[in-house]
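I opened the model today to look up a handful of local features. My notes follow in the order I took them.

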Amino acid sequence: MEDTKKEEQKIEKLKTAVKGYIEHHLGKDCERAGTFDNYIGLAYAIRDRLIERWLATQRSYYKRSVKRVYYLSLEFLVGRTLGNSMVNLGIEDDCTKAIEALGYKMEDIREAEWDAGLGNGGLGRLAACFLDSLATLGIPSYGYGIHYEYGLFYQKIRDGYQVETPDNWLRYGNPWEIERPGHLFSVHFYGRVNQYVDAKGILRNEWVDTEEVMAMACDTPVPGYKNDNVINMRLWTAKSSRDFDLTFFNSGNYIQAVENKAKSESISKVLYPADHIAEGRLLRLKQQYFFVSATFQDILRRYEKEETTFDNFTKRVAVQLNDTHPAIAIPELMRILMDIEGLSWEKAWEITVGTFAYTNHTIMPEALEKWSVPLFESLLPRHLQIIYEINRRFLEEVNWRFPGNQEKRKHMSLIEDGNEKMIRMANLAIVGSHSTNGVSGLHTEILKNHTFKDFYEIFPERFNNKTNGITPRRWLKKANPLLSDLITERIGEGWVRNLDELKKIAPLSEDKKFRERWIEVKRENKKRLAEYILKKNDIRVDPESLFDVQIKRLHEYKRQLLNVLHVVTLYNRIKYNKNTEVVPRTVIFSGKAAPAYWMAKLIIKLIHSVADVVNHGKEVKDRLKVVFLNNYNVSLAERIIPAADLSEQISTAGTEASGTGNMKLSLNGALTIGTLDGANIEIMKEVGKDNIFIFGLTTEEVSKTKSSGYNPYYYYEKNQELKEALDMIGRGYFSPENTVLFKPLIDSLLHHGDTFMLLCDYESYVSCQERVGKLYKNRNEWAKKSILNVANMGKFSSDRTIREYAREIWGIDLHD
């Protein structure tokens, strides 16, 4: 009775808080408020609870004089905040009851929230998972990035083509963030370097005559799971140094005054401005320095509250660079320590290397970030000087280690010679950090033995692996409540904090009743997705069909085109051999192509053109359907992943650094079809070879085939089904209105080398898909393997990854 009364009081308190915010913050009568108003009211009520815990967390940091971790990332793909906050605070049921008492459905309230446009793909989603784990593990930490006004873009599909429209995610404001006008830092660009001799006779440098932009902090609290620990994601928004340049304003040139203000504030306007034009490249470099400069001013402000010298800097500060985008922090810290704080080069460099750690996300050398020296010299002249000096000293070490080896010196230099000199940001990050990690076992071996082999020879102790992970709070407990509840019912909820506990469900794969319930959960999730597909795409799909899912950024190396070739092959088998046994299959694609990536956008068009033919083919009926769900984001992933039967992870071996979509899908019971690439290898080791579908060349075989003279035309002539599929696409079967529309795709495969070896892997892939279909007919056996996949996903928790970072890179003992 007492517990019931307390429960009622909690719900009543929440209701009162929601109504109070609607009336006093929104200025609305609760009787006339709508769904969005109630979402805002609930968000503010939850934020109150987050802020209380966040303030207590911050006080504890100062009280304990802790070492703080700063995670610098140009992206944080956090998705929606409401559901995650309710789950981690343990108030989901209370909030649902309060909202229902106010006359609304929680599902409608959730849908009122717009996905935060703060990231693009795996890099940003990894950062968001890491923040969740940092908070859950109680590690004193902060995430730092940019507060983009517009996300990458909102993807619409018109006549099968991707059309980019603005992702104005802040159109109606963001109730989760707290603007901090008091945390305002000046960031400088351009200018010149003035050398002078100080009072002690030491040559000094100062950066003068600069242009100034202000960085204002916007904070979003990030809660740990049921531990009252709340950390901070601090994002910087650009503000003009003054509202108007009074020189222009007072002379009557109001338009120029306003233009200068707008130009300054454009730095944080949009995620990833186009870098195929000079203006876009300039803006991207400005963004990188803008958030790094503001972040280090903030780090130093915090450090200097407790310390008067820099002797303990590396004992109090650890900075993790999420890829090379924040690598400009290395010369920035050197500039601060030498030019402002007066430290010697040697002392500043010791502190800098001891502070930074670098995570690499890119295997392919051509994709590594580089910046034009003339652009750098104009925008950041002092930083260029420092980079040149870092390079000079480093190349002296290279010469000492490898006397007379000019080739090695050329390869390892931070500066790439050519028609235009370029700064190699990955080389800078490796030289300026005490740790460089890959994000899967295979990726790290490729870095050590190929991409950065020369650096590994000099700094073997700096290279290590930290296989990526995902947070089970969002990707199972929140995204798939039906499966989460079934698991918790049988083994308790310890798995939410310790994913290894999922091993307890492995024996249940032999339990017939448990398998039946497992199958029913998947069926229910598939029904929900089928309803969504019907509503959004007007395509009716059968929930009993195999849901074959490939959801990721569109890129040639991810080989969505190989998946399409299989779809065309299935279509031909059904159309021309009506008695052929083909398991009913719904092939689901989702993902965005970069606006300037023409080939990836053409693949999106091909997917839609093939879907039009397949979905309306009388011979096909319900045996095959193709669906492309537009505007892929975190919330859409949360809809698709719980419903997936098959997870397509089919990149060319040796091209995917890790992948985390593979982990999310496996954690939700999908079986993987994939190459031995990225984290697929480690997933196979964990779940067992019998519970995953592996096909295609290995990394070594890819290299050997290419070096021996790969001839894609040989495979085209050899395999009749492949030839037929390519010919149909090439001659306009799927594009009768423009028969040469897809010729560039076919040319890339047959006449331009088939860079990612689709034709070589096609036969193995189709054969593997036949094994998939055969197994799916035996739902009992499929369910067993699905259960065993989930049971063995403990390694892929981001909690495990962050523990490894803490102990092995940041020097933080978690005492667990």
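I began with K15, which counts as buried at 17% relative accessibility. The cut-off for buried is under 20%. I kept in mind that this is a predicted model. I placed K15 in helix 1, residues 2-24. Then I listed its contacts, leaving aside neighbours within four places in sequence: K15 touches A98, A101 and L102.

**Helix 20**

Which residues of helix 20 are buried? I took the helix as residues 481-491 and found L483, S484, L486, I487 and I491. I then looked down the axis of helix 20. The buried residues fall within an arc of 165°, so they line one face of the helix.

Next I asked which helices the buried residues of helix 20 pack against. I found helix 19 (472-478), helix 21 (512-537), helix 25 (661-667) and helix 32 (779-791). I also checked what follows helix 20: it is G492, with a positive phi near 85°.

I went on to backbone angles. Most residues other than glycine have a negative phi.

I located S65 in the loop between helix 2 (35-64) and strand 1 (68-72). S65 is partly exposed, and its relative accessible area is 33%.

I found M757 in the loop between helix 30 (743-750) and helix 31 (758-776). Is M757 buried or exposed? I read a relative accessible area of 0%, so M757 is buried.

**Cysteines**

How many disulfides does the structure hold? I counted zero. A disulfide is a covalent bond between the sulfur atoms of two cysteines.

I looked at C760 and asked where the closest cysteine sulfur is. For the check I used the cut-off of 2.5 Å between sulfur atoms. C760 counts as buried, at 13% relative accessibility. I looked up C129 as well, and C129 is buried at 1%.

**Helix 12 against helix 14**

I then turned to a helix pair. Two packed helices are described by the angle between their axes and the distance between the axes. For helix 12 (residues 345-355) and helix 14 (residues 381-401), I read an angle of about 90° and axes 13 Å apart. That makes helix 12 roughly perpendicular to helix 14.

Which residues make the contact? From helix 12 I listed W345, E346 and W349. From helix 14 I listed I386, E389, I390 and R393. By class, the residues of this contact are four nonpolar, three charged and no polar.

**Y733**

My last entry is Y733. I found Y733 in the loop between helix 29 (720-730) and helix 30. Y733 counts as partly exposed, at 28% relative accessibility.

What does Y733 touch, leaving aside neighbours within four places in sequence? I listed Y571, K575, Y576, V613 and M728. I also checked Y733 against I178. The two are 555 residues apart in sequence, and their C-alpha atoms are 55 Å apart in space.

Conventions:
Residues are numbered from 1 along each chain as its sequence is written. This is a predicted model: local features need pLDDT of at least 70, side-chain atom pairs count only at pLDDT 80 or more; totals for chains, interfaces and linings use all residues. Side-chain values use heavy atoms; hydrogens and water are left out. Buried means under 20% relative accessible area, exposed over 50%, partly exposed in between (1.4 Å probe, protein chains only). Helices (H or I, at least four residues) and strands (E, at least two) are DSSP runs, numbered from the N terminus. The arc is that of the directions from the helix axis to the C-beta atoms. Contact means heavy atoms within 4.5 Å. Axes are lines fitted to C-alpha atoms, for helices over the stretch in contact, and angles run from 0 to 180 degrees between N-to-C directions. Angles under 35 degrees count as roughly parallel, over 145 as roughly antiparallel, 65 to 115 as roughly perpendicular and the rest as oblique. Ala, Val, Leu, Ile, Met, Phe, Trp, Tyr, Cys and Pro count as nonpolar, Asp, Glu, Lys and Arg as charged, and the others, Gly among them, as polar.
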